[in-house]
Amino acid sequence: MNEIREKILNELKEKVNEVKNIQEFQVLKSKFLGKKGEISNLMKQISKVEKEKRKEFGAFVNNIKKEAEELLNEAFENLKSKIKEEEEKKNWVDITLPGARRKIGYEHILKQTIREVYEIFSNIGYKIVEGPEIETTWHNFDALNTPEWHPARDMQDTFYIKDNIILRTHTSPVQVRTMLTHEPPLAIISPGRVYRKDEPDATHSPAFNQIEGLYIDKNVTVGHLKATLEKFLTMYFGGSRKVLLRPSYFPFVEPGYEVDVDCMFCGGKGCNVCKGTGWIEILGAGLVHPNVLKNVGYDPEIWQGFAFGTGVERIAMLKHGIADMREFYRNDMRFLGL
Ligand code: PHE
């Protein structure tokens, strides 16, 4: 009898170790404990055994069944934890690995340039203001001492939206808007986009950016203008910059100047960037014309001021060695640091 028991249980022990998944386990279980399983077959024989030995045989079979059940239960628990372990191994994440970094890049060079200029001027008390890109001809021209018949209007031909509504040709109308809404003294810079009917080439674009500056106070002279521009250009380009004021004409300033800075590439000796002159033209500037002050309701006998305007692309090209203005608008990812 013991042989039977050994045979069944040994076979079960052996097979139970080979089980790899739940399905295999179920097959094995029913092979031993199922209705047609080996142990059930033994059970069926109980009734055939002689009466005296029947009880003993019954207990014998029941023990085998119990042992088989225990073996199978234990195997089932092992199998479950093995499966769980494998699952965990498969889903294991190394939390010490550095994450996949997203490229963040930096501000477009034009934005950076505007910010650098603003930082320089905010250190000496200037506030930043903005004006609309769609402007009235009055703010853009008339109030700036440029009446309809004035030839300077043709020099800044632009895009008309209506008879007296245009895309602004410069940031100077922000001077007018600021003075109309604020009492003097004041010190502002105003960056923004401007429009001209220009063919795009290496140094022209129908839309580009300017930064306007306006300072209004009592007893303002060209000396203040020159010192301010020298400080600005030195801080923006580095080194120690010299400024040259060349008399020029803008209807809204008197006197008016085109402002050159000594060439930062050759230090003023003359090179191909400054075309051998040692100077680079960089700004328009001057003292605010008395007519402009009158147009905004300021008394020119009490208040004076200076104004200047520069091209953002122009100063960014010089600082970063960009030869063609169109590069700024071509979506070259390098401009975003990507
Ligand atoms: N608005 C002038 C231009 O666009 C520049 C300028 C600004 C000149 C302020 C003088 C004073 O060319």
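## Basis of the model

This is a predicted model, in which local features need pLDDT of at least 70, side-chain atom pairs count only at pLDDT 80 or more, and totals for chains, interfaces and linings use all residues. Residues are numbered from 1 along each chain as its sequence is written, and side-chain values use heavy atoms, with hydrogens and water left out.

Helices (H or I, at least four residues) and strands (E, at least two) are DSSP runs, numbered from the N terminus.

## The ligand and its shell

For His-170, a polar side-chain atom lies 3.0 Å from a nitrogen atom of the ligand. The side chain of Ser-172 has an N or O atom 2.9 Å from a ligand nitrogen atom. Arg-196 places a polar side-chain atom 3.0 Å from an oxygen atom of the ligand. On its own the ligand has 320 Å² of accessible area (Shrake-Rupley method, 1.4 Å probe), and the protein covers 92% of that area.

## Ser-190 in strand S5

Strand S5 spans residues 186-195 and contains Ser-190. Is Ser-190 buried or exposed? Ser-190 counts as buried because its relative accessibility is 0%; buried means under 20% relative accessible area and exposed over 50%, with a 1.4 Å probe and protein chains only.

The side chain of Ser-190 reaches the backbone oxygen of Val-129 at 2.8 Å. Leaving out residues up to four places away in sequence, Ser-190 touches (heavy atoms within 4.5 Å) Val-129, Glu-130, Gly-131, Thr-171, Val-174, Gln-210, Ile-211 and Glu-212.

## Helix H1

Helix H1 covers residues 2-18, 17 residues in total. From its first C-alpha to its last, H1 reaches 25 Å, close to the expected 24 Å, where the expected span is 1.5 Å times one less than the number of residues.

Ile-8, Leu-9, Glu-11, Leu-12 and Val-16 are the buried residues of H1. They lie on the same side of H1 because they cover an arc of only 155° around the axis, taken from the directions from the helix axis to the C-beta atoms. Helices H2 (22-33), H3 (38-45) and H4 (51-90) are included in what covers them. Exposed residues on the other side of H1 are Asn-2, Glu-3, Lys-7, Glu-14 and Asn-17.

How values were computed: A polar contact is a pair of N or O atoms within 3.5 Å; within protein, one must be able to donate a hydrogen and the other to accept it, and residues adjacent in sequence count only if both atoms are side-chain atoms.
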